Amino acid sequence: MKVIPIVPFLGDAGDGSLYEAQKKIYPRKVTGRFARWRWAFVWLTQLVFYGLPWLEWGQRQAVLFDLGARRFYILGYVLYPQDFIYLTAILVISALSLFLFTAVAGRLWCGFTCPQTVYTEMFLWIERKVEGDRTVRMKLDAGPMTLEKFVRKWFKHILWIGLAMWTGFTFVGYFTPIRELGLEFLQTRMGSWEVFWVFFYGFATYGNAGFLREQVCKYMCPYARFQSAMFDKDTLIVSYDAARGEPRGSRSRKADLSTLALGACVDCDLCVHVCPTGIDIRKGLQYECIGCGGCVDVCNGVMDKMGYERGLIRFTTQNALAGHWDQRAILRRVLRPRVLVYTTILVALCIAVLWSLAMRTPLRVDVVRDRGALSRIVAGGRLENVYRLQVMNATEQPQRYTISAGGLPGLAVASEPSVEVGPAESRWVAVRLQVPYGSAPPGSHPIHFEVAAASGADHVSEKSAFLVPR
């Protein structure tokens, strides 16, 4: 028998490790059109996230998901768990939007609005302000621990932790009224679950944006793995024009490119230095690319300094690179059948959801039969069934509702025919229905309840059954 020795795999360091050591990435600061767009989305998303819980609508928080009371307040709407269909619709719209944007221009979500990208940009901004830009940070990390290094590192982490905890506090503020939460925090009376979620979300922000960064995009996020299924050769992606850039090589600014046996790429590696995931876009499309456009901005800056035409690295399509298309030809291919189908479905869904919300009746009724007494004969020779109605008032004012029933001859409400429900509340009501004994044959007979607001503005009809014993 042949014996095969088991030899451990040696990493690059030759120390027997099964994994390559993760090299820290030091993204360089970049300016340009896409950098400005990225920061515009940072401001937009964070103004919404941090500011929305502080807005008031009437006498309450404008957006509040009150899980304890099982009510969800969104501007002028009060939603109940029975309105779960709206959450489903929002998730479907979000997924279709992601498919549409990816089919048109690749990973726009990842590069500009993904929370991981947004918070990494914010944490990097703090890091640059405290420790300096790329070369300064690399030199600081490589040097020995000095008092200056210690102070800079700790000051950076204090700012990171402060931003992370404020993020966790804001997140919890969507589920607990944020003003009450702030008062409880100042009085050290926060509930255990509130404390847990503030620290959990804050720790997740601190770890993901401060330490994991590109590793979340490369190894943890599933979107990077299945994005290729949504790309085609007419998808706008960050691309390096190898036909124009190769062979690459350094040269003087004064050198005449037409007399050199070189392409437009000066091999400065700045496109690698600004990449938040540390890839070299000149090697072609890679799943780690988040489409942020940082390499486009820095390369255009180099082309300007060299006096060359911009666009060596640019958003373009594979077909455009192969066919040397102009912008007009590229834009014509954007409106291809796949994009049109996504757009049509997305617009139809958005219109349907908005129409449903506009036509939504702020009154919900659930009917439950009383299982303790399905049917009984009461005084006066009448047959009675007992029901329990849950009447939900989704308005901001108290309402009085009248209850009636129909579907059988002589069917009448024998209990209190009206009920008052407070603003944004629900109430269970016992309702007794009676018919003359012998007026209906034995069996189950369909009936319907009519619940209407006293003002006449809202009206709901719910089906049920009236049981006649044999």
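Threonine 102 sits in helix H2 (residues 84–105); helices here are DSSP runs of H or I with at least four residues, strands are runs of E with at least two, and both are numbered from the N terminus. A word on the ground rules: this is a predicted model, in which local features need pLDDT of at least 70, side-chain atom pairs count only at pLDDT 80 or more, and totals for chains, interfaces and linings use all residues. Residues are numbered from 1 along each chain as its sequence is written, and side-chain values use heavy atoms, with hydrogens and water left out.

Is threonine 102 buried or exposed? Threonine 102 counts as buried because its relative accessibility is 1%, where buried means under 20% relative accessible area, exposed over 50% and partly exposed in between (1.4 Å probe, protein chains only). Its side chain reaches the backbone oxygen of leucine 98 at 2.7 Å.

Valine 266 is found in the loop between helix H11 (242–245) and H12. This valine is buried too, with a relative accessible area of 12%. Serine 250 is 16 residues from valine 266 in sequence, yet their C-alpha atoms are 4.6 Å apart.

The table gathers contacts (heavy atoms within 4.5 Å), leaving out residues up to four places away in sequence.

| Residue | In contact with |
|---|---|
| Threonine 102 | Tyr223, Met230, Phe231, Thr235 |
| Valine 266 | Gly249, Ser250, Arg251, Val302, Met306, Tyr308 |
| Cysteine 295 | Val238, Cys271, Val274, Ile281, Ile313 |

Cysteine 295 leads us to the largest nonpolar core, where Val238, Cys295, Met303, Leu312 and Ile313 have the most contacts among its 27 residues. Such a core is a set of buried Ala, Val, Leu, Ile, Met, Phe, Trp, Tyr and Cys residues joined through side-chain atoms within 4.5 Å. At least two residues each come from helix H1 (33–51), strand S6 (237–240), helix H12 (270–273), helix H13 (294–306) and strand S7 (313–316). H13 gives the largest share, 7 residues. A second, separate core holds 25 residues, including Leu363 and Tyr401.

H1 also packs against helix H4 (residues 115–131), at an angle of about 105° and with the axes 10 Å apart. Axes are lines fitted to C-alpha atoms, for helices over the stretch in contact, and angles run from 0 to 180 degrees between N-to-C directions. H1 and H4 are therefore roughly perpendicular, a label for angles of 65 to 115 degrees. Residues making this contact include Trp39 and Phe49 of H1 and Met122 and Trp125 of H4.

Conventions:
Angles under 35 degrees count as roughly parallel, over 145 as roughly antiparallel, 65 to 115 as roughly perpendicular and the rest as oblique. A polar contact is a pair of N or O atoms within 3.5 Å; within protein, one must be able to donate a hydrogen and the other to accept it, and residues adjacent in sequence count only if both atoms are side-chain atoms.
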